[in-house]
Amino acid sequence: MGIRRTLLGSAVALAGMAGVAGYAMAAEVTVVCGSVGQGAKLCKGAATEWAKETGNTVKFFAAPASSTEQLALYQQILSSGSSDIDVFQIDVIWPGILGSHLIDLKPYSNGAEDMHFQPIVANNTYKGKLVAMPWYTDAGLLFYRKDLLEKHGEKAPETWGDLTASAKKIQDAERAAGNSKMWGFVYQAKAYEGLTCDALEWVDSFGGGDVVNADGDITINNEKAVKALKLAASWTGSIAPAGVLSYQEEDARGVFQSGNAVFMRNWPYAWSLGQADDSPIKGKIGVMALPKGGEEGKQTGTLGGWQLAVSKYSKAPEAAASLVMHLTSKKSQKQRAIEGSYNPTIADLYTDADVLAASPFMGQLKDTFTNAVARPSRATGSNYNKVSNAFYNAVHDVLSGKTEAEASLAKLEKNLKRIKRKGW
């Protein structure tokens, strides 16, 4: 059975003359549009607009919600040489992993990449080829209930210690007042890529490094990293539900947006959903950079974000590249920023009045997005997935109480050395 039969959603067959936009005949393009927040809806709308303008047909492929599962699926599809998906949505850490299967977009871009953040363009360049166009950028943020902090006389937390104390105080008080479902803090702690992002933020905020540094050295086994993970482990079952150990982004958002959490770590997309008319907490949400790891620590956020790439096995590479350029254009990015609070990769949009009116934090926290901590994907190359898997499993063992932080990080260091061997 071909992968095409797993396509969810119907083809958008649109009228148009063959030859529109320079195509000799209409092409059919299959794209992965994402599954979190309003992203899929906005992507499908923009892709439908492109199809109407060009006379082509677009189909949508529904990928798994978990980025870890997405990567495994993409590797299976691409390594088989399948042409069933033309345009892939890829994580910021994947260009080095998937780059050999993707076309160079420069011949189709007309220099459009010059208006995007150049560090992301550099990240998306593999062996001299622009294998993906920046679509939106991300960094982990702290969402909080402004009304509850004010009600209980608490300030926005400067450190993780402050957050821990405020979360416990407000959680207990709200429970005593009748909300037995209230929790202090929710985040992503399932053993998957999302936990790598959260845990890297904890470790980096304490000055514990970034697991593997830019030179390829394994740095994770240190006292500051141990301190960060010990604090995070203390949250499980205290200010965070035991179930947080299986939470992904949408699980955390569901608890927070239903009014049952004081603080939440998530990506910017959660803002527009929390501010929607049907949201119980509309108008009650604050957004800030994540706390420091103590007085000598620093505010940080893991660099996230997604790109669009074209498979080199596509039977319609020109049409697929045209769709990528449409979806990553300034017009499309502005719409996504306003309607879905997806952070643009085009600097000019951070001073756009319409964007800032819809998502004020984009201007206020621009430094957080431009100076986010990167996962060690460039240093570890094709081994990154193994490195991340080892890291998030080691962290999960600590959070679940299965292993103490010191022992888990010592074991992790040995595992990473085994993966590295003589070099990444």
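Let's start with Asp 172 and Lys 168, whose side chains meet in a salt bridge at 2.6 Å, N to O. The term salt bridge is used here for a side-chain nitrogen of Lys or Arg within 4 Å of a carboxyl oxygen of Asp or Glu. Both residues sit in helix H7 (residues 160-176), 4 residues apart, or about one turn of the helix. Helices (H or I, at least four residues) and strands (E, at least two) are DSSP runs, numbered from the N terminus. An α-helix has 3.6 residues a turn, so residues three or four places apart point the same way.

This is a predicted model, where local features need pLDDT of at least 70 and side-chain atom pairs count only at pLDDT 80 or more, while totals for chains, interfaces and linings use all residues. Residues are numbered from 1 along each chain as its sequence is written, and side-chain values use heavy atoms, with hydrogens and water left out.

How open is this pair? Asp 172 is partly exposed, with a relative accessible area of 33%, and Lys 168 is partly exposed at 34%. (Buried means under 20% relative accessible area, exposed over 50%, and partly exposed in between, using a 1.4 Å probe and protein chains only.)

## Other salt bridges

The whole structure holds 17 salt bridges. In one of them, Asp 198 pairs with Arg 265, their closest N and O atoms being 3.3 Å apart. That pair links distant parts of the chain: Asp 198 is in helix H8 (residues 193-205) and Arg 265 in strand E9 (residues 261-266), 67 residues apart. Both Asp 198 and Arg 265 are buried.

Glu 250 and Arg 253 also form a salt bridge, with 2.7 Å between the closest N and O atoms. They lie 3 residues apart in helix H10 (residues 249-257). Glu 250 is partly exposed at 32%, whereas Arg 253 is buried at 16%. Elsewhere, Asp 91, Glu 193 and Arg 375 join up in a network of salt bridges.

Which residues of H19 are buried? They are Ala 405, Ser 408, Leu 409, Leu 412 and Leu 416. Seen down the axis of H19, they fall within an arc of 90° (taken from the directions from the helix axis to the C-beta atoms), so they line one face of the helix. What covers them includes helix H9 (223-235) and helix H18 (384-399).

The face turned away from that buried side carries the exposed residues Lys 411, Lys 414 and Arg 418. Just after H19, Arg 421 takes a positive phi of about 55°.

Key
Contact = heavy atoms within 4.5 Å.
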